[in-house]
Amino acid sequence: MNPKKRIAFLCATYPPAPGGVARHVADLANTMAANGYDVHVITNQIDGLPTQEIQAGLRIKRIPVHGPRAIRALQFVIKSLSHIFSIRPDVIHSHELDFTSIVGLLAKLSLGI
């Protein structure tokens with residue numbers, strides 16, 4: 001039997017945060033988890049929510065960041081890469097052309113994903 005493929009979704013926002021991208025990523029991630037994939041969502045921390053949780057079979061990692069925008073982006077990149085290195089996904093699906101794409105590109109180059 002083949003092991004489950006591990007997929008990492010990178011997005012700036014994820015429910016309960018509002019927005020079309022957040023909802024789209026949630027729909028994709030939930031569908032993939034329901035079809036037997038090992039799904040990880042990496043997103044920004046939302047006040048009042050845990051930094052890690054499992055919802056409907058998918059793992060959500062919310063990255064806490066603080067400070068000015070540039071510092072927050074750098075913190076997100078470093079912490080997200082560290083998390084990706086620990087989970088070693090087979091596929092990375094990044095949304096939005098911002099720091100999430102930088103994480104995806106650096107993980108691809110570093111890990112050959």
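**Group meeting: a walk through the fold**

Buried here means under 20% relative accessible area, exposed means over 50%, and partly exposed is in between, with a 1.4 Å probe and protein chains only. The helices (H or I, at least four residues) and strands (E, at least two) are DSSP runs, numbered from the N terminus. Packing and contact mean heavy atoms within 4.5 Å.

A word on the model itself. It is a predicted model, in which local features need pLDDT of at least 70 and side-chain atom pairs count only at pLDDT 80 or more, while totals for chains, interfaces and linings use all residues. Residues are numbered from 1 along each chain as its sequence is written, and side-chain values use heavy atoms, with hydrogens and water left out.

Back to α1. This helix covers residues 20–34, 15 residues in total, and its first and last C-alpha atoms are 21 Å apart, close to the 21 Å expected at 1.5 Å a residue. That expected span is 1.5 Å times one less than the number of residues. Which residues of α1 are buried? They are Ala 22, Val 25, Ala 26, Ala 29 and Ala 33. They sit on the same side of α1, because they cover an arc of only 105° around the axis. The arc is taken from the directions from the helix axis to the C-beta atoms. On the other side of α1, you will find Gly 20 and Ala 34 exposed. Just after the helix comes Gly 36, with a positive phi of about 95°.

Now the sheet. It is open, has five strands in the order β3-β4-β2-β1-β5, and its pairing is mixed. Two strands count as paired if DSSP finds at least two bridges between them. At the edges stand β3 (52–55) and β5 (91–94), each with a single partner strand, so one side of each is left without a neighbour in the sheet. On average, neighbouring strands are turned by 20° against each other, direction ignored. If you look at β1 and β5, they pair in the parallel sense over four bridges. There, Ile 7 stands opposite Val 91 in β5.

α2 touches β1, β2, β4 and β5, and its direction makes about 170° with that of β2. α3 touches β1, β2 and β5, and its direction makes about 160° with that of β5. For these angles, axes are lines fitted to C-alpha atoms, for helices over the stretch in contact, and the angles run from 0 to 180 degrees between N-to-C directions.

Let's stay with α2 for a moment. It has 19 residues and reaches 27 Å from first C-alpha to last, close to the 27 Å expected at 1.5 Å a residue. Its buried residues are Ala 73, Phe 76, Val 77, Ser 80, Leu 81, His 83, Ile 84 and Ile 87. Their arc around the axis is only 165°, which puts them on the same side of α2. On the other side, Ile 78 and Ser 86 are exposed.

Phe 85 is also found in helix α2. Is Phe 85 buried, partly exposed or exposed? At 33% relative accessibility, Phe 85 counts as partly exposed. Leaving aside neighbours within four places in sequence, Phe 85 is in contact with Ser 110 and Leu 111.

What about the core? A nonpolar core is a set of buried Ala, Val, Leu, Ile, Met, Phe, Trp, Tyr and Cys residues joined through side-chain atoms within 4.5 Å. The largest one has 16 residues, and those with the most contacts inside it are Leu 10, Ile 42, Phe 76, Ile 84, Ile 92, Phe 99 and Val 103. Two or more residues each come from β1 (6–10), α2 (69–87) and α3 (99–111), with the largest share, six residues, from α2. A second, separate core of 12 residues includes Ile 7, Tyr 14, Val 25 and Val 39.

Finally, some backbone details for you to find on screen. The peptide bond from Pro 15 to Pro 16 is cis, with omega near 20°, and Pro 16 lies in the loop between β1 and α1. Ala 56, in the loop between β3 and β4, has a positive phi near 50° although this residue is not glycine.
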